[in-house]
Amino acid sequence: MLPVEIKKDIFWVGSVDWNLRDFHGYSLARRGTTYNAYLVKDEKIALFDLVPANHVDELLRCLKATIDPEQIDYLIVNHVEPDHSGALPKIMDIVKPEKVFCSPIAKQALISHYHREDWPYEVVATGDNISLGKRTVTFLETKMLHWPDSMFSFLPEDKLLISSDAFGQNLASSERFDDQVDQSLLFDLAASYYANIILPFSPLVQKLLAKVGEVGWDIDMIAPDHGLIWRTHIPEILAKYGEWSTQKPQRKAVVFYDTMWKSTERMARAIADGIIAEGVSVQLFSLKTAHHSDVMPFIMEAQAVVAGSPTHNNGMLPLLADMLTYMKGLKPQGKIGAAFGSYGWSGEAAKQISEFLQSAKVEIVAEPLRVKNVPTDQDLAACQEFGSKIGREVIARVPE
Amino acid sequence: MRYVCSICGYVYDPADGDPDSGVAAGTSFDDIPADWACPVCGASKDNFEPEG
């Protein structure tokens, strides 16, 4: 894409990745993504963040539409992950910047990624300021949001926060601003991004939001490294980050399962019926059709997580292991849950799932429920009652 | 003595311990089992430095 002037003399100069679907190997990006870089033209010309190595030509084309890249004085690396720094070796060769600003941990990370100790690193820490001429850049280290090296850059004269991976969304679009696209799509994508990337660091998000309040930054634009730039719905996205990071559950339950001969699936549906009958909203996922990253946003908001698998080779089916492992790594807090599954003879899966849920700090509210081979009407009634019990536990924990 | 995780900045305070990981309040940093990991970023014990 061509550059877009987002504020006077400040340009979006990134790349839209229309074809991306596999985001970093662990999450789906069903609507593609963008890699946002920002160019500030002042007495010193500064480029904030980059694009992956395979998008460097697009970045250069975009830069050349507004400037000769060799005129750039400063590179600011807010985050070393290769989708934001991968273009660095080529850009360094072309731009030959005077300085590369980064956090202390980012310097080590850049060296271990690109093996170039000779680049003109300039380490900055929280509270450090640099001058670009008319403008100042203030840095705030945001360790573990979501890598140890992560950092925000704030331009007070422009009220612009360049927020690295925080507040991002995976969306390829020709628009650049939050108010130019469908709002429910935008916030769904922001929620999915949070659930799949930021969730384990929720306690740090809470601290960060408090810190941003403390330093009293007057922000009228938040420019993340993925997706659209927030210029209109800033209070809403900050409120959402407050809500998501608090991890206050809603009156919702997620039931996910895999199945061999549809017995566990029939159990899942009867369990969902029981939960729904108590007045709790349910999302039901067969892991054969739902990717773990599509389930995660629903887990983030739900009070209950109910997981099922038939027993296969004395254990759970592989897709359950995938989902549970992924979920555990994202550290959702304050959940209740239970496990279920059909079996032929030994029947270990439901108990195994229950133990795994416990290891993920899910409070187990019902003994693992098992059905031998094919459920009878009586078995399905027991499944429904199992669901009702879970539903009542949700209601008890989530007041109206 | 409090210890700080050099990766993420988490502070281990012996007064609080880390009960979620089975480290009781009152446990000095030295007495934490060697396989304990930072509750925020998962870094190992040798990534911690005394505060100050």
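# Briefing: aromatic pairs, sheets and the A–B contact

Tyr241(A) and Trp244(A) both belong to helix α7 of chain A (residues 234-246), where they sit three residues apart, about one turn of the helix. The structure is a predicted model. Searched as a whole, it holds 19 aromatic pairs over all chains.

**Aromatic pairs and cluster**

- Of the 19 aromatic pairs found over all chains, one is formed by Tyr114(A) and Trp119(A), a tilted pair with 6.1 Å centre to centre and 35° between the planes.
- Tyr114(A) has a relative accessible area of 16% and is therefore buried, since the limit is under 20%.
- Trp119(A) is buried as well, because its relative accessible area of 7% also falls under 20%.
- The pair of Tyr241(A) and Trp244(A) is tilted too, at 5.7 Å centre to centre and with 55° between the planes.
- Both Tyr241(A) and Trp244(A) are buried.
- In chain B, one aromatic cluster is made up of Tyr3(B), Tyr10(B), Tyr12(B), Phe29(B), Trp36(B) and Phe48(B).

**Charges over rings**

- Arg176(A) places its charged end over the ring of Trp12(A), at 4.3 Å from the ring centre.
- Trp12(A) is also the bridge partner of Tyr38(A) in β7(A).
- Phe177(A) has Arg231(A) over its face, 3.8 Å from the ring centre.

**Seven-stranded sheet, chain A**

- Seven strands make an open sheet with mixed pairing, in the order β1-β2-β7-β8-β9-β10-β11.
- The edges are β1 (4-7) and β11 (121-123); each has a single partner strand, so one side of each lacks a neighbour in the sheet.
- From one strand to the next, the twist averages 25°.
- Within this sheet, β2 (residues 10-12) and β7 (residues 38-41) are antiparallel and pair over three bridges.

**Five-stranded sheet, chain A**

- A second open sheet with mixed pairing has five strands, ordered β12-β13-β14-β15-β16.
- Its edge strands are β12 (129-131) and β16 (221-223), each with a single partner strand, so one side of each is left without a neighbour in the sheet.
- The average twist here is 20° from one strand to the next.
- Strands β13 (residues 136-141) and β14 (residues 151-155) run antiparallel and are joined by four bridges.
- Glu141(A) has Met151(A) as its bridge partner in β14(A).

**Strand β20, chain A**

- Strand β20 (residues 336-343) is mostly covered, with eight of its eight residues buried.
- Ile336(A), Ala338(A), Phe340(A) and Ser342(A) point one way from the strand, while Gly337(A), Ala339(A), Gly341(A) and Tyr343(A) point the other way; all are buried.
- Strand β19 (residues 302-308) runs parallel to β20(A) and is joined to it by five bridges.
- Opposite Ala339(A) of β20(A) stands Ala307(A).

**Two buried helix residues, chain A**

- Ala109(A) is placed in helix α4 (residues 104-114).
- Its relative accessibility is 12%, so Ala109(A) counts as buried under the 20% limit.
- Neighbours within four places in sequence aside, Ala109(A) is in contact with Val80(A) and Asp149(A).
- Pro148(A) is 39 residues from Ala109(A) in sequence, and the two are 9.1 Å apart in space, C-alpha to C-alpha.
- His292(A) lies in helix α9 (residues 292-301).
- With a relative accessible area of 11%, His292(A) is buried.
- Not counting residues up to four places away in sequence, His292(A) touches Tyr26(A), Asp322(A), Met323(A) and Tyr326(A).

**Contact between chains A and B**

- Eight residues of chain A and eight residues of chain B take part in the contact.
- About 580 Å² is buried between the two chains, and carbon and sulfur atoms give 58% of this area.
- On the chain B side, Ile7(B), Cys8(B) and Val40(B) lose the most area to chain A, together 60% of what that side buries.

Notes
Residues are numbered from 1 along each chain as its sequence is written. Chains are lettered from A and ligands numbered from 1 in the order in which they are written. This is a predicted model: local features need pLDDT of at least 70, side-chain atom pairs count only at pLDDT 80 or more; totals for chains, interfaces and linings use all residues. Side-chain values use heavy atoms; hydrogens and water are left out. Rings of Phe, Tyr and Trp (its six-membered ring) pair if their centres lie within 6.5 Å; planes under 30 degrees apart count as stacked, over 60 as edge-to-face and the rest as tilted. Buried means under 20% relative accessible area, exposed over 50%, partly exposed in between (1.4 Å probe, protein chains only). A charge sits over a ring if NZ of Lys or CZ of Arg is within 6 Å of the ring centre and within 35 degrees of the ring normal. Two strands pair if DSSP finds at least two bridges between them. Axes are lines fitted to C-alpha atoms, for helices over the stretch in contact, and angles run from 0 to 180 degrees between N-to-C directions. Contact means heavy atoms within 4.5 Å. Buried area is the accessible area (1.4 Å probe) that two parts lose on being put together, summed over both.
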